[in-house]
Amino acid sequence: MYTFDTLLMKYFISIINTAILGMFFFVALGCSSIQKRVSDDFQLKNAPVRVAVLPFDLSALNAEDQEIAALFRRIFYNRFSYLAYIDMDINEINEVLSENMMTDTEDIYLLSYDYLAEILDVDALIYCTIKKVSNLTTGIYAETSIEAELKMLDTRSGSIIWEAESKEVALSGILSPSSVVTLIQKQIDNSKKREALMKIADKFSKKIVKTIPNPSPFIDENIHLPKIYTLKTNINNKTKDEGFILEVHLTGEKGMKATFDIGDWKTDLSMEEQYPGEYIGHYKVMIEDHLKSALIVGKLENSDGFVSKKNYEKGLVSFGSVY
């Protein structure tokens, strides 16, 4: 039997515990800041037509972060392709630069814009410097962030059409006892640095691309980018070994040419239209395949040669042992 003093003590302890637990509410927040400037002289009716997204400058990052951030260009490029420019394919850009003995981003950024425009045959160049990436996870707090500077240069005049400084941050912490399970899962998810940074890179790209002048009102109404609605795959976070068959499902406009990329490692892999607007493609992992955390990208191309792209946003794929 409890005495009055014992009951009183238990009452006070329960109040203290409730007060402490009341502090532990889970919250997931995101914030972004974008400072952008568009040239006063720029007019959409005179906008460049063919644009190249140059390799991103990652020199401010450490070696581990550089490896991850190398994927940011692909993510940005896929978002940029929604605008009414003819975007030069990244693989084609890399090939041309390599043929001209230009593989170091620092050296590329030192070259004159008119020389780059000549060898790439474009009207504009997009430069991006990733200033910082971070992924911090503790017992009660997680933060993932990207900071970058970007600009779009008109190679016909040498003028800066658009430039921006942007920071995207995803935060999570503890605010409520009812979401402890959610909190634990969020912390686990955030601890997977590569996947966490891929998610925030896509958010970053989506927001920053919206600030770029879009000449679509001045493009012929009969020319449009094919619409992609969904992109699904059968991957998860586990590394896939020999014999695994990667399946990629894409839904979009019917009657298009559909392909998919596995990062920059395998590109333009064919997809078949099984039903109107429903496309499927496969890749079987071979014993010699070794790949670490590649982005899956689905693409639709219409008869005019315009291509739309969509990332698979829920994960990256790895094959075999990575040396």
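This is a predicted model: local features need pLDDT of at least 70, side-chain atom pairs count only at pLDDT 80 or more; totals for chains, interfaces and linings use all residues.
By class, the contact of helix 4 with helix 6 has six nonpolar residues, with no polar and no charged ones. The axes of helix 4 (residues 90–99) and helix 6 (residues 113–120) come within 10 Å and cross at roughly 110 degrees, and the two helices are therefore roughly perpendicular to each other. Helix 4 passes helix 6 in a right-handed crossing.

Helix 3 (residues 72–80) has nine of its nine residues buried, so it is largely enclosed by the rest of the structure; among these buried residues are Arg73, Arg74 and Arg79. Helix 8 (residues 193–209) has 17 residues and reaches 24 Å from its first C-alpha to its last, close to the 24 Å expected at 1.5 Å a residue. The buried residues of helix 8 include Arg194, Asp202 and Phe204.

Helix 3 passes helix 8 in a right-handed crossing, with contact made by Phe72, Ile75, Phe76, Arg79 and Phe80 of helix 3 and by Leu197, Met198, Ala201, Asp202, Ser205, Lys206, Ile208 and Val209 of helix 8. By class, this contact of helix 3 with helix 8 has nine nonpolar, one polar and three charged residues.

The axis geometry of the two pairs is set out below.

| Helix pair | Axes come within | Crossing angle |
|---|---|---|
| Helix 4 and helix 6 | 10 Å | roughly 110 degrees |
| Helix 3 and helix 8 | 9 Å | roughly 35 degrees |

Definitions and conventions. Residues are numbered from 1 along each chain as its sequence is written. Side-chain values use heavy atoms; hydrogens and water are left out. Axes are lines fitted to C-alpha atoms, for helices over the stretch in contact, and angles run from 0 to 180 degrees between N-to-C directions. Helices (H or I, at least four residues) and strands (E, at least two) are DSSP runs, numbered from the N terminus. Angles under 35 degrees count as roughly parallel, over 145 as roughly antiparallel, 65 to 115 as roughly perpendicular and the rest as oblique. A crossing is left-handed if the near helix is turned anticlockwise from the far one by less than a right angle, and right-handed if clockwise. Ala, Val, Leu, Ile, Met, Phe, Trp, Tyr, Cys and Pro count as nonpolar, Asp, Glu, Lys and Arg as charged, and the others, Gly among them, as polar. Buried means under 20% relative accessible area, exposed over 50%, partly exposed in between (1.4 Å probe, protein chains only). The expected span of a helix is 1.5 Å times one less than its number of residues. Contact means heavy atoms within 4.5 Å.
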